[in-house]
Amino acid sequence: MAQLTNDDVRNLARELGVKFIRLQFTDIFGVLKNVSITVEQLDKALDGELMFDGSSIEGFVRIEESDMYLRPDPATFVVFPWRPRDGAVARLICDIYNADGTPFIGDPRYVLKRVIGEAKEMGYGMNVGPEAEFFLFHVDSDGRPTTMTHDRAGYFDLTPVDLGEDARRDMVLTLEQMGFEIEASHHEVAPGQHEIDFKYADALDTADKVVTFKFVVRTIAQRHGLHATFMPKPIFGIAGSGMHLNQSLMKNGENAFFDPGAPMQLSETALFYIGGLMKHARAITAVTNPTVNSYKRLVSGYEAPVYIAWSSRNRSPLIRVPAKRGNSTRIELRSPDPACNPYLALAVCLKAGLDGIKNRIAPPPPCDRNIYAMTEREREELGIGCLPQNLKEAMDELVRDEVIREALGPHVFDRFMEAKQIEWDRYRTQVHPWELEEYLTKY
């Protein structure tokens, strides 16, 4: 698809009768922010002259250095299909710049661009295909989200059991109107749980699409009287929501992970990339699984990976190599969840993989057995470690991992850690309903 220029955006806005434009970017947690402008201000926006107050955005800057500029990326221009055609609403995703014209190092999109630049210097481009799961819940009479779902559907089930199917169909149609190529859409394992997969693209485009995807899913759910949540584990006792990341590297227009003559047809580059991901897996988890709740999903028995291993045969390890080869050769990282900031998550994955390639970090042999069924001793003998068990453990790993810290940069690392420490302390000091249930009458 041809990349749009600023002139294309001006012409399209005129042709499509656009009246309002939302300038979008994310805070450090991946939460989408909007500055809404009228079409009359579009020229000013495209010239990067629109300012906003960065001090009001989580993890950005202090009040005394708050003036920042939005620079829209014309390639991200799209009209919202659910808004009236008369006085249409469009959006542009923006990069954040300082008042002196330099990129703002705390902008998550810039963090990813920086690591993409590092890959480019080594001759690589990263492709990513995400598989994001979410729950559709009912709202109560006041419009507040509940955790109730009417459906009792299971994996790949169809109507009449699956009441979210109409909403999901609308989501797919809307996404397609916004330029997504949808590859699959189905009911997931848990009641009320759904998955929509879209075609892989380069890392920056994919991160933009994940942010847009979450926004569209929430918006369309609301129009169906439902609440969509990307919370990793909203309900105890059933599977949580993951966001598997299918990753590959391209070099000179070819898939750098494919080598027809190698064992498993996986190139040295692919193996070193896996080695890098495994080496840094524990630190990466703080970014790919960034909430207290994320670790309620990363437990044995609910399809989520717990152990740091790789395989082409089974789905219990952290990294799976799907069977397809040739241009489709890829590795699937199964630990991330959809609460992560996609820009930061892809940045740390790519950085870890590049470290594996640079330093020729060979992974251990693949583990084709069911790791969940092994004893602790068997896992120890095979050198299979496990992911952090809670957010604090993951944060401690991130502090110790210089490579992953470097991927984030000092500004994002410091602000991220500060915010997550507050989150952990608030969780740690709360008394939870489970504790009252367990101890109030016992002691």
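Me: Which residues line the second largest cavity?

Reply: This is a predicted model, where local features need pLDDT of at least 70, side-chain atom pairs count only at pLDDT 80 or more, and totals for chains, interfaces and linings use all residues. Residues are numbered from 1 along each chain as its sequence is written, and side-chain values use heavy atoms, without hydrogens and water. On a 1 Å grid over the protein atoms alone, a cavity is a set of points where a 1.4 Å probe fits but cannot get out, and lining residues have an atom within 4 Å of a point. By that rule the lining consists of Thr206, Val210, Met243, Leu245, Cys340, Pro342, Ala345 and Leu346.

Me: Which element gives the largest share of the lining of the second largest cavity?

Reply: Helices (H or I, at least four residues) and strands (E, at least two) are DSSP runs, numbered from the N terminus. Helix H5 (203-223), strand E12 (243-251) and helix H9 (342-358) each give two or more residues to this lining. The largest share, three residues, comes from H9.

Me: Which helix gives the most to the lining of the largest cavity?

Reply: That lining includes Ala281, Ile284, Thr285 and Thr288. With four residues, the most comes from helix H7 (residues 281-288).

Definitions and conventions
1 Å grid on protein atoms, 1.4 Å probe; cavity = no way out; pocket = protein on both sides within 12 Å on 5 of 7 lines; lining within 4 Å.
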